[in-house]
Amino acid sequence: MSDAKKKAVDRNRSIDPAVLEVLSRELPTETTYDRYLAQQPQCKFGDTGICCRICIQGPCRITAKAPKGICGATAYTIVARNLVRSALGGAAAHSDHSKHILLTLKAMLEGHAPDYSIKSPEKLKAIAVRFNIATEGRSDLEILADVVKLGLEDFTRMTGGKSKWIEKTVTPGRLQKFSDCDILPTSIFETIASATAQTHMGMDADPVNLIFKALEVALCDYNGMHIGTDLSDVLFGVPIPVYTEANFGVIDPAKVNIAVHGHNPLLSEMIVQAARELDSEAKAAGAAGIQLMGICCTGNEVLMRQGVPPVTNFLSQELPMMTGAIDAMVVDVQCIMPGLQTVAECFNTKIITTSKNAKIPSSHYIDYSEEKALEQAKQVIRIAIDSYKERGDAECIIPSMKSKVVAGFSLETMFGLFGAINADAPVKVLTDSLKSGELRGVVLMAGCNNTKVMHDESHTVVAKELAKNNVLVLATGCAAGSFAKLGLLSPEAVDQYAGDGLKAFIRRLEEANADKLEGKLPLVFHMGSCVDNTRAMNLATAIANDLGVDVPKIPFAASAPEAMSEKAIAIGSWCVAMGLPTHVGVVPPVTGSELVNGIALQIAHDVYGGFFIWETDPSKGAEKILEALDYRSWKLKIHAQTAEKFEASASTGW
Ligand code: BF8
Ligand code: SF4
């Protein structure tokens, strides 16, 4: 086989047929699939976490011959320090996102964000009630002012209290545990600053102390993303079930095709509105209309609230442009490959960057501001319409693959569905099913794509295996993107893949909600973008509270089979601190220290009840998750029986 042919075969690292179809063509430029090959072999020091570049005496690499860095740092210090820094990147990214939303609400209150308004006064009131903020006889804006003040305090407090969003959303047992271990953040900015200082050269060398700091950072991540989800719901509405389609087949060559990509819904929500308002301009330009589509978590945000179809997820983000039919791609923040611009230039797509801290050389930049958001969104649409005109009759080759999607499962929607069966205590519909054994557990499938594993394969193998074994599967982020594209968010997938217990559970929900639902329910419940992982954690908290135990006792786990980003490291770490078995399908850079690796896999369990499972084989990963769920169900039963026998409450240990 010639080198060129071999490369063409080797780079086909995806199970998505639309992606494979594009990759099979003679392409004028490289993609991430090619660059992955060009990067081989990757450095084993970096891969196992034992390369230190924290000071410029480095890089120091740990070997048998040189077991200490120049300053004397050993492998466990270097690995732990690198881990804290990764979690910091994730927590900062999520928190920066929510800070932006918080500041937009503040600007709205001050009259400087005229295009934004409160879409969900109900959610605002629910948040106010959570924090004992008075609602009686007060206007929405007055209540919002107090919520925003509290949010800003969670970002900026220097002393005199701890994070309110964590205090009010976790189980009493978790709060006690976090307090006992001294990992409750004072505020997001305080923890980010102190953790950055703690990992400076010549600071903390104690790996255990560093790991505790990593968990404090991870709790900041939870804090930041929870604020982000809550306030996005207030601003743009609480997601309810939406019915749409996903994958490349949603691209319509006759329309102005605009992809929205990144994470923050502030501009993309305006783009949805602007697209509706400017449809006639697109038609005047000869197009059949405007086709919006989403990529990554901005895609998840506008899918959940507006029914905008997802075209693809993280790893294949460059490929929709290779159809020749994408007129503009507007990006905001995070997970945006710099490689997009080169592809765009080959296929006449306009890349529009919109964040002052996420620019790409040669892209078209719009300096997004909440003061003129809708006007800027219209500017984006008009750039796309002009680009459509330039496209003219140029050939578009679009893979036809698309799947049906049902999404929009916020916790409020889930409880609404359960409430049709048990209005007084919706969560009991789930806990009863777990207790009876109809469901074997609940698993949150989250996380990214990663070139180290076959694109979308690990996600789908784990999800299908869990569903077959009667596990209720929840999804967020690019895991949800995989499921959307490959049909697991469709009602048909219930018949295809669900075990009898899961099928009965879903059918019962469908029947009880027949009058409210536009169609049937999907196999996997899409809870939103990565910041929305707190929605799933809130469900775990509700289950634990209902069962009268702490989270480490409930059959609830998390899985990130294709984890990639620093955000995934932060999320995985708080999942463990919250008490969840957390499967990760790509081994993170910690194996260079047996001590740190052992803490992640075992000692974390002794302290928090949660622990990591590194398993790169997705079938084995699913098996290990099922084992962890079964162990918890068995123990929960024994504890409940013992508690009943002695008329006592269930034990709090694990
Ligand atoms: O926040 S899942 S690749 S897009 S980091 Fe990025 Fe990972 Fe996708 Fe969403 Ni989350
Ligand atoms: Fe090397 Fe120590 Fe500097 Fe790290 S901090 S680069 S181990 S000298």
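**Close-up views of a predicted model**

The largest cavity is the space taken by ligand 2. The model shown in every panel is predicted.

**Figure 1. Surroundings of ligand 2.** The residues around ligand 2 are Cys52, Ile54, Cys55, Gln57, Gly58, Cys60, Gly69, Ile70, Cys71, Arg81 and Met201. Sorted by class, this shell has 7 nonpolar, 3 polar and 1 charged residues. Gly58, one of the shell residues, is joined to proline 59 by a cis peptide bond with omega near 5°. Proline 59 belongs to the loop between strand 1 (51-52) and strand 2 (60-61).

Figure 2. Ligand 1 has 13 residues around it, of which His263, Cys297, Cys335, Cys478 and Cys530 come nearest. The class count for this shell is 8 nonpolar, 4 polar and 1 charged residues. At least two shell residues come from each of helix 14 (296-306) and helix 20 (477-485). For histidine 263, a polar side-chain atom lies 2.6 Å from an oxygen atom of ligand 1. For lysine 567, an N or O atom of the side chain is 3.2 Å from an oxygen atom of ligand 1.

**Figure 3. Helix 24 and its ends.** Helix 24 covers residues 566-578, 13 residues in total, and its first and last C-alpha atoms are 18 Å apart, close to the 18 Å expected at 1.5 Å a residue. Because 11 of these 13 residues are buried, helix 24 is largely enclosed by the rest of the structure. The buried residues are Lys567, Ala568, Ala570, Ile571, Gly572, Ser573, Trp574, Cys575, Val576, Ala577 and Met578. After helix 24 comes glycine 579, which has a positive phi near 105°.

**Figure 4. Helix 26 and its ends.** Helix 26 (residues 618-645) has 28 residues and should span 40 Å at 1.5 Å a residue; its end C-alpha atoms lie 41 Å apart, so the two values agree. Its buried residues are Pro618, Gly621, Ala622, Ile625, Leu626, Ala628, Leu629, Arg632, Lys635, Leu636, His639 and Ala643. In an α-helix there are 3.6 residues a turn, so residues three or four places apart point the same way. At the start of helix 26, aspartate 617 places a side-chain oxygen within 2.9 Å of the backbone nitrogen of serine 619. Glutamate 647, just after the helix, has a positive phi of about 50°.

Figure 5. Glutamine 40 and proline 41 are linked by a cis peptide bond, with omega near -5°. Proline 41 is placed in the loop between helix 3 (32-38) and helix 4 (44-48). Most peptide bonds are trans, and most residues other than glycine have a negative phi.

Figure 6. Serine 362, in the loop between strand 8 (350-353) and strand 9 (364-365), has a positive phi near 80°. Its relative accessibility is 62%, so serine 362 counts as exposed, the cut-off being over 50%. Asparagine 470, in the loop between helix 19 (457-468) and strand 12 (471-476), has a positive phi near 65°. With a relative accessibility of 19%, asparagine 470 counts as buried, because the cut-off is under 20%.

How values were computed: Residues numbered from 1 in each chain as written. Chains lettered and ligands numbered in written order. Predicted model: local features only at pLDDT ≥ 70, side-chain atom pairs only at ≥ 80, totals over all residues. Heavy atoms only, no water. Near = heavy atom within 4 Å. 1 Å grid on protein atoms, 1.4 Å probe; cavity = no way out; pocket = protein on both sides within 12 Å on 5 of 7 lines; lining within 4 Å. Sits in = over half its atoms within 2 Å of the grid points. Nonpolar A, V, L, I, M, F, W, Y, C, P; charged D, E, K, R; others polar. Helix = DSSP H or I, 4+ residues; strand = E, 2+ residues; numbered from the N terminus. Expected span 1.5 Å × (residues − 1). Buried < 20%, exposed > 50% of the residue type's maximum accessible area, 1.4 Å probe, protein only. Polar contact = N/O pair within 3.5 Å; in protein donor to acceptor, adjacent residues only side chain to side chain.
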